[in-house]
Amino acid sequence: MKLESFEALFLHELQDLYSAEKQLVTALPKMAKKASSEELRQAFETHLEQTKGHVDRLDQIFKDLDLSAGRHKCKAMEGLIEEGSDLLKEDAEPAILDAAMIGAAQRVEHYEIAGYGTARTFAEMLGHTSAAELLQQTLDEEKETDQLLTELAVTTVNVEAQNESEL
Ligand code: FE
Ligand code: FE
């Protein structure tokens, strides 16, 4: 693809995020299924529903701007998910796996936070005000999820993982 303009770069960012979100809609149920902590499972399930909303927001932006989601594949998200699923195949205690999954999920959230921050700023600069607002809404949800995962890690999951090792 040719990135001949700032507008084309904006579209590329949107298509990359779209592919990333679509991959997560498939990956999150698997993570929820593997989670032993009830709170962690709940967090993954809640974020799955939010993630479907993120896809819908991007669909809305493509529609409003008369753009296409295209067939671009986000290789970074593919790699993050692959690393996460490799971890799930390890022979590990449930509490250790939960801690590992939080680490993997936060890598995903941070990637999304970077992508949405970039796309939101591009939308603002290009005068796509409603797109910028939709991207900001998703950015806020990704940040909230990241914080929730940190809280879960430090209050419960990492503590249980450490206790498991000391048994
Ligand atoms: Fe997302
Ligand atoms: Fe997310």
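The model is predicted, so local features require pLDDT of at least 70 and side-chain atom pairs count only at pLDDT 80 or more, while totals for chains, interfaces and linings use all residues. Residues are numbered from 1 along each chain as its sequence is written, chains are lettered from A and ligands numbered from 1 in the order in which they are written, and side-chain values use heavy atoms, with hydrogens and water left out. Glu 112 bridges the iron ion (ligand 1) and the iron ion (ligand 2), which lie 3.2 Å apart.

**Iron sites**

- Donors are N, O and S atoms within 2.8 Å of the metal (3.2 Å for Na, K and Ca); water is not among the atoms, so sites may look incomplete.
- The iron ion (ligand 1) is coordinated at 2.0 to 2.4 Å by two OE contacts of Glu 21, by ND1 of His 54, and by OE atoms of Glu 112 and Glu 142.
- Along the chain, the donor residues of the iron ion (ligand 1) show the spacing E-x32-H-x57-E-x29-E.
- His 54 belongs to helix H2 and Glu 142 to helix H5, so this pair ties together parts that are 88 residues apart in sequence; helices (H or I, at least four residues) are DSSP runs, numbered from the N terminus.
- Glu 112 lies in helix H4 (residues 94-125) and Glu 142 in helix H5 (residues 129-166), so the pair ties together parts that are 30 residues apart in sequence.
- Glu 112 and Glu 142 are both buried, and His 54 is likewise buried; buried means under 20% relative accessible area, exposed over 50%, and partly exposed in between (1.4 Å probe, protein chains only).

**Helix contacts**

- The axes of H4 and H5 come within 8 Å and cross at roughly 160 degrees; axes are lines fitted to C-alpha atoms, for helices over the stretch in contact, with angles from 0 to 180 degrees between N-to-C directions.
- H4 is therefore roughly antiparallel to H5, a term for angles over 145 degrees.
- The contact of H4 with H5 has 19 nonpolar, 9 polar and 10 charged residues; Ala, Val, Leu, Ile, Met, Phe, Trp, Tyr, Cys and Pro count as nonpolar, Asp, Glu, Lys and Arg as charged, and the others, Gly among them, as polar.
- The axes of H2 and H5 come within 10 Å and cross at roughly 170 degrees, which makes H2 roughly antiparallel to H5.
- By class, the contact of H2 with H5 has 11 nonpolar, 9 polar and 5 charged residues.

**Aromatic pair**

- The count comes to 2 aromatic pairs, where rings of Phe, Tyr and Trp (its six-membered ring) pair if their centres lie within 6.5 Å.
- Tyr 18 and Phe 62 form an edge-to-face pair, at 5.5 Å centre to centre and 80 degrees between the planes; edge-to-face applies to planes over 60 degrees apart.
- This pair links Tyr 18 in helix H1 (residues 6-34) with Phe 62 in helix H2 (residues 38-64), 44 residues apart.
- Both Tyr 18 and Phe 62 are buried.

**Lys 52**

- Lys 52 is located in helix H2 and counts as partly exposed, at 36% relative accessibility.
- The C-alpha atoms of Lys 52 and Val 25 are separated by 6.6 Å, although these residues are 27 residues apart along the chain.

Key. Helix = DSSP H or I, 4+ residues; strand = E, 2+ residues; numbered from the N terminus. Phe/Tyr/Trp six-rings, centres within 6.5 Å; stacked < 30°, edge-to-face > 60°. Parallel < 35°, antiparallel > 145°, perpendicular 65-115°, else oblique.
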